[in-house]
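Keep the sequence and the structure in view while reading.

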Amino acid sequence: MLIIRKGRVLDPKTSADQIMDLIIDHGTIIDAGPDAADAYSRQDAQVIDAEGLVVAPGLIDVHVHFRDPGFTYKEDIHTGAAAAAAGGFTTVVCMANTKPPVDNPETLEYVIQEGKKTPIHVLTAANITVGMKGETLTDMELLKAHGAVGFTDDGIPLKNAALVKKAMEEAARLNVPLSFHEEDPSLISDNGINQGAVSRELGIGGSPAAAEDVLVARDCMLALHTGAVIDIQHISSGNSVRMVELAKQLGAHVMAEVTPHHFTLNETAVLKHGALAKMNPPLRTEADRQEILRGLKEGIIEIIATDHAPHSAEEKSRPLTQAPSGITGLETALSLGITGLVRTGCLSMLQLMEKMSYNPARLYHLESTKGWIGKGSDADLVIFDPEQTWTVEHFQSKSSNSPFIGKTLHGVIRYTICDGNVVWISSLKDCRNSE
């Protein structure tokens, strides 16, 4: 039995925000209330004093790259899971652009089985198209039967509208979400850097917001006409935020996700951090970032996801146009949300938890037991100090490709609990009682 005493418990499902105790047994919360611990005095119970700390549902990341199989020098399922636990995540959804890709039951089952060996819940999407070639749909029904929770060709945009429509019709029939990487390659000169003032200063072609906008518009309208549930991944363009807003108003089942780097940084970060600030889609203008913040505040953007994309130091040290895109994100996500969204007044802490736990659970049909806190919910929790600061230096991930290295952030994760088991304890000094 695990008892968590006197924490500030946030439940995004009911909007409850109150001091209470949680009683956990066999991976489930069996009791909750202001004085619930008084009725449980077993000597073998583990007790966590959470006074002064926030207790929230374990974070759920719907967009991670664990690079396994095929690229395990960057990350593997086990180091990725360790990074997730350190970041407060108890459930992740792996993308399918591995080598070989997850377009077949054998690779799918490998990822699932390796995930079961980790201390968190590692789920995986499968590919929409065979070989990620954008030509032939995978057997989505077969892959769902073998454990795929959704479908995506993330990393490679789908150019054939008729194929996308067919995929949406099949996904609607199977009641699974599709996630889309929205960048039209025919409009891009050099990917990873926004086409604008910074790309001109650097003398490279860059990637215009129009490359994202045209595919977001297409897929929002196809979702409206097919009834499919879709996720617009790592949204970066202000115009795309507005198109998602319109699609929702029209009745489309569209969710959008944004990364912490897109709501925190703009294109000028490339001038300071070089390839560490290169990602697809790129960091865009300050006006785009402000529209993303509006989208978060008004509920247009419902999910915060990391797009955790580890790369080796050697790869990121290449010249800017040759270095791969992407950053490691799991271990800084919650703190960036607290620092950049809650402390600035953009979101309440409850709203942040909704976008990092409950809404991701809803997208993947996990909300019956995950993403909220109460009797009968899974004992997947993150306990953190929203006031204490820390400096980004070290990572549990194999990779450290982050533009946030050296940055001081608010929000120290004290414990991550999955299935009632403590899977991460912070090594930082507890400063709650210090001056």
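Predicted model: local features only at pLDDT ≥ 70, side-chain atom pairs only at ≥ 80, totals over all residues.

The expected span of a helix is 1.5 Å times one less than its number of residues. Helix H13 covers residues 349-363, and its 15 residues should span 21 Å; the C-alpha atoms at its ends lie 20 Å apart, which agrees. H13 also has a kink of about 40°, centred on Lys-355. Just after the helix, His-365 takes a positive phi of about 60°.

How many of the 15 residues of H13 are buried? A residue counts as buried when its relative accessible area is under 20%. By that cut-off 12 of the 15 are buried, so H13 is largely enclosed by the rest of the structure.

Setting aside neighbours within four places in sequence, Leu-352 is in contact with Ile-304, Leu-334, Gly-337, Ile-338, Leu-341, Val-342 and Leu-347. In soluble globular proteins, nonpolar side chains tend to be buried together. Here the largest nonpolar core has 77 residues, and Leu-352 is one of those with the most contacts inside it, along with Leu-178, Leu-334 and Phe-384. Helix H4, residues 161-174, gives the largest share of this core, 6 residues. A second, separate core has 17 residues, including Met-279, Leu-336, Trp-390 and Phe-404.

Val-92 sits in strand S7, which runs over residues 89-94. Val-92 has 0% relative accessibility and therefore counts as buried.

The whole protein can now be described. It has 13 helices and 16 strands. Of its 435 residues, 61% are buried. Among contacts between residues at least 6 apart in sequence, 74% join residues at least 24 apart. A compact globule with 435 residues would have a radius of gyration near 22 Å; the protein has 21 Å, which agrees. Its C-alpha atoms fill a box of roughly 65 × 50 × 45 Å along the principal axes. The accessible surface comes to about 16,300 Å², with 49% belonging to carbon and sulfur atoms.

Terms used:
Residues numbered from 1 in each chain as written. Heavy atoms only, no water. Core = buried A, V, L, I, M, F, W, Y, C linked by side-chain atoms within 4.5 Å. Buried < 20%, exposed > 50% of the residue type's maximum accessible area, 1.4 Å probe, protein only. Helix = DSSP H or I, 4+ residues; strand = E, 2+ residues; numbered from the N terminus. Contact = heavy atoms within 4.5 Å. Bend = angle between axes of the 7 residues up to and from the residue. Rg over C-alpha atoms; globule rule 2.2 N^0.38 Å. Areas by Shrake-Rupley, 256 points an atom, 1.4 Å probe, with all protein chains shown as cover.
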